[in-house]
Every structure is written in structure tokens, then in C-alpha cells.
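Let's take a walk through this structure, looking at its pockets and at the ligand. Have the model open and follow along.

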Amino acid sequence: MSDVPEITPQGVEAAVADALAAAAAAPDTAGLKKARAAHQGEGSPLAAYNAQMRHVPKERKAEFGKLIGQARGRVNAAFATREEELAAAEVARRLESERVDITAVASRTRTGARHPINLMQEHISDVFVGMGWEIAEGPELEHEWFNFDALNLDEDHPARQLQDTFFVDPVERHLVMRTQTSPVQMRSMLDRELPIYILAPGKVARTDEFDATHLPVFTQAEGLVVDKGITMAHLKGTLDHIARQLFGAEAETRMRVNYFPFTEPSAEFDLWHPTFTGGARWIEWGGCGMVNPNVLRAAGIDPEVYSGFAFGIGIERALMFRSDVQDMRDMAEGDVRFSEQFGMVV
Ligand code: DAH
């Protein structure tokens, strides 16, 4: 057995020292596995010493057995310790590379912006809901009766002429694109219990030009109150309130006598504010009046017991003067850059 080394303490110590150095030098768990094979596996110096035990005389077996056993124990412990170190370092490296900054602002795809007309409509609605009013709705494709007849506009009223109203084919069906939100007045009086406090915002259509101050489709908000003891003072107070809510405490309203078939007396009303572009001035904002007794009667309401007021305001005009929009076409063209300026980017 000349190729088998003699067991000597120095030889064993050298094998242990080699093994410990290799364990310490292993750069990662794969390298450690190789070092382990070389220093602990079959064919390693320590394995060879172990095999040599067979040839050790009986009386020295205990001594050499202890020597080799301790050597193997130290090497085992060194590899185990190094393995833990490397595994911990690898976990730490992986955690670091997968680190997520939960405080980072996520990049969001912007899908658009809410339209300022919708925002204005909601804002106005909120003011009335805040006073306990209800929001009412009616169809944009309306029956002529609701749009005109029920509102006391007779057959030969100029607003019924083709140049103002979009009539829908076939004409015998008597359907029109509603020219005003006022038909919701009659619908509400027929549908609801008294007293009535409603606001009806929505789109209307007229055969108007598409220019800086006209749109063929625009937005109104119709107000209607029917209750006992309602006077024009309630109407004036309501208009002043909405004007101040939208434009600030210095806003004022005034009425100018006018004619609308569904109100008597009727007025146009104007809005004043010290900081309108172009200086403190009056701008026309809508129509209003006391609900015509004929309209109340058509809805089956006794005008001797109940009275009411109504008004219609232009939402585009409110937006023009509140946000200084110069050209109404910007509100209709759908360019998201216009909407984004109003801050409700989604
Ligand atoms: N509907 C009218 C228009 O579009 C505005 C209006 C006037 C509404 C008087 C009213 C009112 O409720 O009482 O020109």
C-alpha cells in the first residue's frame, strides 16, 4: 500500500488547513460544492486517511481514529458555516435586486380629462341639491307637445318655425330635439308630488350657427319651484344665491322685463361681477318668471292655491364668464388640452 500516505498529525493538519482555506475561499454556493467534493469527497486526502485506518495497528486505532475524526469534524463545521454565510449573502443579494420602492409614484396612463361643461353642470346641481332641491331629467328627443304646447307656445309662435327647431322625420310623429330644458317643467309637474323644487340640467339643440358665441347644441339648467305662497322675491333670492355661489360674494343679478309664454310676468336676467374680463359689467345669463297659471292648469295644479317660479340659465355662458373662455367652439371641439386646463385630469 505504498500509494497510501502514512497517517501523521502533520499530514492530517495540512489536509485540514487546505480544506478550511478552500471553504473560506469559495465565492458562492456552487464553488463551495466543488471545494467540498475535493476536500471531503471520495479521493480527498481526508478520505484517503480514513481508508488508511484499516492498516493501523490495533493498539493505535483509537489515537488515529480520534485524530481523523476530529479533523473531519472541523472540516465539516467549516463547510457548514461557509454554506450558511454564502446562502445568506445570496438571499440578501436577491432581495436587494428585487427591491420595490413602495413610495415611488407610479407612472399612470392619462386617459383624458373631465369636460368643464360637465363639471360646471355638477357644480350648479350641487348648489341646488344643497338647498334641498331635486335633480330632474327629461329626454333630449322630446315631443312637440312638451317642448311647446304645454309651455303655452301656440302653433304660430316664432320659436316653432323651422329655422330654430330641429324637427325629426317623420314630422307626423311630432318629435323635436328639445330647444330648451323647459319641457322638464311640465314633465316634473305631471310626475311629482307637490311641492316641487327641481333643477333640470341638460343638452338642448337649435339651428344656430357654430361660432364663437353660438353652438347648435348647448347646455341649460332649468329651475322650477311650485309651492304655496311663492313670490318673485323667492326667484330673485334664488338667482342671487346661485350667482354668488358660482362667481363669488360680489356677484349681483338684475331682471329686465321680457316675454316668455310659460311665465307671467317674465324677465331676462343679467349677472354683474366686478372682475369680468372687460371690467365690471352686466352680462345676459338667462330667462325667468312666475309660472304662467295656464301652465299650472295644464298640469292639473290649481293656480289659486299654488304659485311657482321658473328660470333657465345657460351653462356655456356661465363657463365663459367664470373661466374667461373666449370662444364657445373650444367647448364643443373635444380637444383634451382644453379640458385639461380645468384641472380634472383622469
Ligand atoms: N327656455 C327659455 C330659453 O331657452 C329660458 C327660460 C325663460 C326658462 C323663462 C324659464 C323661464 O324657465 O321661466 O330661452
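## Pockets and ligand

Start with β8, the element that gives the most to the lining of the largest pocket: six residues. Keep in mind that this is a predicted model. The largest pocket has a volume of about 960 Å³. It is lined by 39 residues, and those closest to its centre are Thr179, Arg206, Phe218, Gln220 and Phe260. Besides β8, the elements that give two or more residues to this lining are β5, β6 (252-260), β7 (263-273), β9 and α10 (315-323). By class, the lining splits into 16 nonpolar, 15 polar and eight charged residues.

So what sits in there? The ligand does. Two or more residues of the shell around the ligand come from each of β5 (217-227), β8 (281-291) and β9 (307-314). That shell counts 15 residues, with Gln180, Ser182, Arg206, Gln220 and Glu222 the closest. Five of the shell residues are nonpolar, eight are polar and two are charged.

Over at Arg206, a side-chain N or O atom is 2.8 Å from a ligand oxygen. On its own the ligand would expose 360 Å², and the protein buries 91% of that.

At least two lining residues come from each of α5 (116-130), β4 (196-205), β5 and α11 (329-332).

Conventions: Residues numbered from 1 in each chain as written. Predicted model: local features only at pLDDT ≥ 70, side-chain atom pairs only at ≥ 80, totals over all residues. Heavy atoms only, no water. Near = heavy atom within 4 Å. Polar contact = N/O pair within 3.5 Å; in protein donor to acceptor, adjacent residues only side chain to side chain. Areas by Shrake-Rupley, 256 points an atom, 1.4 Å probe, with all protein chains shown as cover. 1 Å grid on protein atoms, 1.4 Å probe; cavity = no way out; pocket = protein on both sides within 12 Å on 5 of 7 lines; lining within 4 Å. Sits in = over half its atoms within 2 Å of the grid points. Helix = DSSP H or I, 4+ residues; strand = E, 2+ residues; numbered from the N terminus. Nonpolar A, V, L, I, M, F, W, Y, C, P; charged D, E, K, R; others polar. Points joined across faces, edges and corners; volume = space filled by probe spheres on them.
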